[in-house]
Amino acid sequence: MLIQLQEYLTFENIYLFSNYCILPFWLLLILIPTSKITQIFVNSIIVPLILSTAYIYVIYQAILLDEPFFDIFKLYLSIDNLYTIFATESFLLVFWIHFLALNLFLGSWVSRDAIKYNIPKKIVTFPLILIYFTGPAGLVLYWFFRIFYSKKLGLHD
């Protein structure tokens, strides 16, 4: 049973599964941000825990495959090292899961913050979509909307 599960959980399948399974949570954030379902699944520890488990599993598999996974610390030394590390499938997948988890966290925060400041859902939709694809660019756009609606510039929220 365990061997069958390991054969199924290839890096490619984990990549596809994480991409397809994250979409419903983003749709909840965009379409029904105030619903109880969104609060339970998106604004809780459930999704980050699932993504974290996948993250740890990929690291575990990379270690078993004797990939130079712990060379990741060299990525801070040069852009060539960064390029080399991204050429490793396991590190690329870990980075992608990291990206998905952080963007969903950011989207969840934006959604809750928009509710707090009564920013219309229609206005928050575009920054949320942008956060899904680019993260920081969507945050900047949301921040401009937030300043307008909250009538203040708070840097510690």
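Helix 4, helix 5 (79-86) and helix 6 each contribute at least two residues to the lining of the second largest pocket. Helices here are DSSP runs of H or I with at least four residues, strands are runs of E with at least two, and both are numbered from the N terminus. A pocket is defined on a 1 Å grid over the protein atoms alone, as an open set of points with protein on both sides within 12 Å along at least five of seven lines; a cavity, by contrast, is a set of points where a 1.4 Å probe fits but cannot get out, and lining residues have an atom within 4 Å of a point. The model is a predicted one, in which local features need pLDDT of at least 70 and side-chain atom pairs count only at pLDDT 80 or more, whereas totals for chains, interfaces and linings use all residues. Residues are numbered from 1 along each chain as its sequence is written, and side-chain values use heavy atoms, with hydrogens and water left out.

The second largest pocket has a volume of about 200 Å³, and of the 13 residues that line this pocket, Tyr-55, Ile-72, Leu-75, Phe-91 and His-98 are the closest to its centre. A volume is the space filled by probe spheres set on the grid points, which are joined across faces, edges and corners. Helix 6 gives the most to this lining, with four residues. The lining comprises twelve nonpolar residues, one polar and no charged. In this classification Ala, Val, Leu, Ile, Met, Phe, Trp, Tyr, Cys and Pro count as nonpolar, Asp, Glu, Lys and Arg as charged, and the others, Gly among them, as polar.

The largest pocket holds about 330 Å³ of space. Helix 2 (11-31) and helix 4 (46-64) are the elements that give two or more residues to its lining. Of the 15 lining residues, Ile-14, Phe-17, Ser-18, Ile-50 and Ala-54 lie nearest the centre of the largest pocket. Helix 2 provides the largest share of this lining, seven residues. By class, the lining of the largest pocket divides into twelve nonpolar, three polar and no charged residues.

The chain as a whole contains eight helices and zero strands, and its pattern along the sequence is α-α-α-α-α-α-α-α. The C-alpha trace spans about 55 × 40 × 20 Å along its principal axes. Of the 157 residues, 35% count as buried; the term buried means under 20% relative accessible area, exposed means over 50%, and partly exposed lies in between (1.4 Å probe, protein chains only). The mean pLDDT of the chain is 89, and 94% of the residues score at least 70. The pLDDT is the predictor's confidence in each residue, on a scale from 0 to 100. Confidence is lowest in helix 1 (residues 2-8), with a mean of 76, and highest in helix 7 (residues 121-134), at 96. Where pLDDT is low, the predicted coordinates should not be read in detail.

Helix 6 has 28 residues and reaches 40 Å from its first C-alpha to its last, close to the expected 40 Å at 1.5 Å a residue. The expected span of a helix is taken as 1.5 Å times one less than its number of residues. Leu-93 is found in helix 6 and is buried, at 4% relative accessibility. Between the C-alpha atoms of Leu-93 and Ile-59 the distance is 9.4 Å, the two residues being 34 apart in sequence. In helix 5, Ile-85 is also buried, with a relative accessible area of 7%.

A search of the whole structure finds one salt bridge, defined as a side-chain nitrogen of Lys or Arg within 4 Å of a carboxyl oxygen of Asp or Glu. This salt bridge joins Arg-146 and Asp-113, whose closest N and O atoms are 2.4 Å apart. Arg-146 lies in helix 8 (residues 136-150) and Asp-113 in helix 6 (residues 89-116), so the pair ties together parts that are 33 residues apart in sequence. Arg-146 is buried, with a relative accessible area of 1%, and Asp-113 counts as buried at 4%.

Asn-118, in the loop between helix 6 and helix 7, has a phi near 55°, a positive value in a residue other than glycine. Most residues other than glycine have a negative phi. Asn-118 is exposed, with a relative accessible area of 66%.
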